[in-house]
Amino acid sequence: MKLDKIPQIKHIESGNFFLLAGPCAIEGEEMALRIAETVLTITDKLKIPYVFKGSFKKANRSRIDSFTGIGDEKALKILRKVSETFKVPTVTDIHEVSDAEKAAEYVDILQIPAFLVRQTDLVVAAAKTGKTVNLKKGQFMSPESMKHVTQKVYDCDNEQAIITDRGTMFGYQDMIVDFRGIPTMKQYAPVVLDVTHSLQQPNQSSGVTGGRPDMIETIARAGIATGVDGLFMETHFDPANAKSDGANMLHLDHLEKLLTNLVAIRKTVNSL
């Protein structure tokens, strides 16, 4: 995968990790533009290649009354507006084969959710759009097994694959990050560490996921130290009232200090 094949991405010569960041779900135009502008200002200052992230719908909810979106076309148009307004690439996740072509008209990267990454038809549909495909490693999968998932993309004549680690199930209600998987998966594609989802604590009894946002910097620092190519994190200016995954999101006010620290660690790693 080559970063320069992602439309509008900047700062690729900086030597920094790249960043996929934004809200869990698109809740409306104003919030999306506000978050994108804030993150872009910070990443431009620190020369971090940046991709705005936002789900146009949330299909994998525990409860039927959970927030799933504001409408597919409405949310996708907001993602396009973010891209056009701030000249940044965008990424969104897809859940059905029919989503691939639809979302590809609006965004630059198609993301395959962790629960669905073994679904061959979905991966192939995303790859055949020609877009970069971000493959989230299943919580139930080994790092080695991601070789076969990336190969599905490559077999569709698409070399633009990314692997994102979002933690591994530990018992029923916790996640761990096995950092041994980072160098393993880097043999197959560039590797991103999903910092915020790796800190989820799924709660099957209530159907509402919890998390450990206090550990975000700890996990992110370890990821940079072990050589990840990029970081993924969800951020919001009001996580407590976010309509999806608020319990493990990073408050937007804390993003600049975190990224500043991570850039300093990256510079040290690059010098070794």
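Q: Which helix gives the most to the lining of the largest cavity?

A: In this predicted model, helix α1, which spans residues 29-46, gives the most to that lining, with three residues.

Q: What is the volume of the largest cavity, and how many cavities of 30 Å³ or more are counted?

A: The volume of the largest cavity is about 40 Å³. The count comes to one cavity of 30 Å³ or more.

Q: Which residues line the largest cavity, and how do they divide by class?

A: The lining consists of Gln8, Ile9, Lys10, His11, Leu40, Thr43, Asp44, Ile48, Tyr50 and Val88. Sorted by class, five of the lining residues are nonpolar, three are polar and two are charged.

Q: Where do nonpolar side chains tend to be found in soluble globular proteins?

A: In such proteins, nonpolar side chains tend to be buried together. Here, the largest nonpolar core has 71 residues, and Phe52, Leu135 and Leu231 touch the most other members. Helix α1 gives the most to this core, with nine residues. There is also a second, separate core of 11 residues, with Leu3, Leu20, Val51 and Ile162 among them.

Q: Is Thr90 buried or exposed, and which residues is it in contact with beyond its neighbours within four places in sequence?

A: Thr90 lies in strand β3, residues 90-93. Thr90 has a relative accessible area of 0%, so it counts as buried, the cut-off for that class being under 20%. Leaving aside neighbours within four places in sequence, the contacts of Thr90 are Val51, Phe52, Leu79, Val82, Ser83, Tyr106, Val107, Asp108 and Ile109. Of these contacts, Phe52 was named above for its place in the largest nonpolar core, and Val51 for its place in the second core.

Q: Where is Asp157 found, and what is its phi?

A: Asp157 is found in the loop between α5 (146-154) and β6 (161-165). The phi of Asp157 is near 60°, again a positive value in a residue other than glycine.

Q: Why does Asp157 count as exposed?

A: Asp157 counts as exposed because its relative accessibility is 76%, and the cut-off for exposed is over 50%.

Conventions: Residues are numbered from 1 along each chain as its sequence is written. This is a predicted model: local features need pLDDT of at least 70, side-chain atom pairs count only at pLDDT 80 or more; totals for chains, interfaces and linings use all residues. Side-chain values use heavy atoms; hydrogens and water are left out. On a 1 Å grid over the protein atoms alone, a cavity is a set of points where a 1.4 Å probe fits but cannot get out, and a pocket is an open set with protein on both sides within 12 Å along at least five of seven lines; lining residues have an atom within 4 Å of a point. Grid points are joined across faces, edges and corners, and a volume is the space filled by probe spheres set on the points. Helices (H or I, at least four residues) and strands (E, at least two) are DSSP runs, numbered from the N terminus. Ala, Val, Leu, Ile, Met, Phe, Trp, Tyr, Cys and Pro count as nonpolar, Asp, Glu, Lys and Arg as charged, and the others, Gly among them, as polar. A nonpolar core is a set of buried Ala, Val, Leu, Ile, Met, Phe, Trp, Tyr and Cys residues joined through side-chain atoms within 4.5 Å. Buried means under 20% relative accessible area, exposed over 50%, partly exposed in between (1.4 Å probe, protein chains only). Contact means heavy atoms within 4.5 Å.
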